[in-house]
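Here is a report on side-chain contacts and accessibility. Please read it alongside the sequence and the model.

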Amino acid sequence: MSDDFDLLETNSNEKTEKVDVNWGKAIDQMKSKLAQEDDPESRQKILNATLDNVVDMAEKDRSTLLDAIKDLTDYQDEVGIMFEGFSALNASEQKIIDDAVKRLERAKIELEDANAKPDTFWNNLFGRKGKIKDAEQELAAAKKVREGADNKAKAMFQQRIETADVQTLLNELSFKSQAAIKRLKDREVEIKEVEESLKTAIVEASNNHTKALQKKKEVEDKLEEQYAILKQARQALEEVADKQSTEYSEALSKVTTLEQKVEELEGLKNAYTTLAASKDSFVHKHNLTIKVLTSLRSNLQTHRAKLKSDTDERLKYYDGYVVALKARTDQEFAAILEHLGVKTDEHIGETLASMHTASARARQEMMDNIPVHEKVMQGVYGSYAEALNEIREKDKSIQKNFAERYGIDMKEIFEDYYSADANAPSGDDGAGEPAGEPKPETNNDDLLS
């Protein structure tokens, strides 16, 4: 059964899969200000915390994260990390880089195709050289666009995160954390490869050191032999009495030749001695370098293992943080709704109570107005009676006038008129006429007919 908990495993042949970056992961040991906060009033803040205080604290968290992202982005530039490989770009930002890359690749292919056409009369006649020139210009322009794509995407990225929420910033930290883990592992692999090459170099240097020492020993043996021969030759030269003789010249030439050979052997001895010392020095240098690289690789493994393990834990931690922020918002929303509900209840209660009291007052006003209405009606009836009395008096005056002028007593006529039913039908039977009064005879002299 394999152990899946081997966080220190480094395998250069391993096929690394694309990591699914979740927004809740983050870095803990990169250049940032996340760990630089030292607030002595933090305890008091916790003791006196309200939902409004939490809003301010969450905004401070967002500002701190934003500063951290900016620091990390600057750090990327300092150490030469490719921007698009170390930042979580959105679709628009990524498209700028992708389009620039595609244009550059297309320009390279077009230039290769243009150069691939044979330099013949007919191809040149149909614009071969012009196409090559155009392709070269397009390639130069594409390179320029590609070089500026990162800066353009970076500017858009920086503008976007200026107003980003905490969740977006944590997502960016998560992406940088995952990228850092991959970068650390790639560096471990690189160091491991250098270590192996240095081990090979140590073996080679050690072998060369041994060979140099062997050659040095061989030269020393030859030197010892030549020193003895040279000593004998010099002694023979001294024994020649005639310094102007051929024998002396031959003896001198022999000594000169032996001295030259000894000089060459001395040079070889010094060369092999220096070479042996150099190889021995490099054996120690390579060994020291391996120790340093191994130490660095071990430290990288420690950081990578801790970073990888801790970011997995931080996934849950930051999940909880963001959910808590959302819950705080929901709680505040619920409190607002509750407050609005209470206020609505109060308003509705006030309205209902006002309706009841208004209704009671209306009833009272109605009751209070009854005597007023009666007084008004009394005035109406009084005016009516007064007017009727005036009419009766006027009728009496008319009756008296008629009686005096025509000898007709109009009293009965007017009394019958006032006592008659106004709705009673009128007919030819004379029912509406005064009783006992003879019906006047009609004749052609009747002026009213």
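## A buried glutamate and its partner

Glutamate 93 is buried, at 1% relative accessibility. This value, like the others here, comes from a predicted model. The side chain of glutamate 93 meets that of arginine 160 in a salt bridge, 2.8 Å from N to O. Arginine 160 lies in helix α5 (residues 128-162) and glutamate 93 in helix α3 (residues 91-116), so the pair ties together parts 67 residues apart in sequence. Arginine 160 is partly exposed, with a relative accessible area of 25%.

## A further link between α3 and α5

Arginine 103 forms a salt bridge with glutamate 138. The closest N and O atoms are 2.9 Å apart. Arginine 103 belongs to helix α3 and glutamate 138 to helix α5, so this pair ties together parts that are 35 residues apart in sequence. Arginine 103 is partly exposed at 27% relative accessibility. Glutamate 138 is also partly exposed, with a relative accessible area of 25%.

Lysine 217 pairs with aspartate 221 in a salt bridge, with the closest N and O atoms 3.0 Å apart. The two residues are four apart in helix α6, which means that about one helical turn separates lysine 217 and aspartate 221. Lysine 217 is partly exposed, with a relative accessible area of 45%. Aspartate 221 is partly exposed too, at 37% relative accessibility.

## Glutamate 195

Glutamate 195 sits in helix α6 (residues 166-239). Is this residue, glutamate 195, buried or exposed? Glutamate 195 counts as buried, because its relative accessibility is 1% and the cut-off for buried is under 20%. Leaving aside residues up to four places away in sequence, glutamate 195 touches Ile290, Leu293, Thr294 and Arg297.

## A nonpolar patch

Val372, Val376, Met377, Val380 and Tyr381 make a nonpolar surface patch of about 460 Å². One of these residues, valine 380, is found in helix α7 (residues 246-406). Valine 380 is partly exposed, with a relative accessible area of 43%.

## Aromatic rings

How many aromatic pairs does a search of the whole structure find? The search finds zero. A charge over a ring is present, however: lysine 285 lies over the face of phenylalanine 282. The distance from lysine 285 to the ring centre is 4.7 Å.

Note on methods. Residues are numbered from 1 along each chain as its sequence is written. This is a predicted model: local features need pLDDT of at least 70, side-chain atom pairs count only at pLDDT 80 or more; totals for chains, interfaces and linings use all residues. Side-chain values use heavy atoms; hydrogens and water are left out. Rings of Phe, Tyr and Trp (its six-membered ring) pair if their centres lie within 6.5 Å; planes under 30 degrees apart count as stacked, over 60 as edge-to-face and the rest as tilted. A charge sits over a ring if NZ of Lys or CZ of Arg is within 6 Å of the ring centre and within 35 degrees of the ring normal. Patches are made of residues with over 30% relative accessible area and no salt bridge: like charges are joined within 9 Å, nonpolar side chains (Val, Leu, Ile, Met, Phe, Trp, Tyr) within 5 Å. Accessible areas come from the Shrake-Rupley method with a 1.4 Å probe; for residues, only the protein chains shown count as cover. A salt bridge is a side-chain nitrogen of Lys or Arg within 4 Å of a carboxyl oxygen of Asp or Glu. Buried means under 20% relative accessible area, exposed over 50%, partly exposed in between (1.4 Å probe, protein chains only). Contact means heavy atoms within 4.5 Å.
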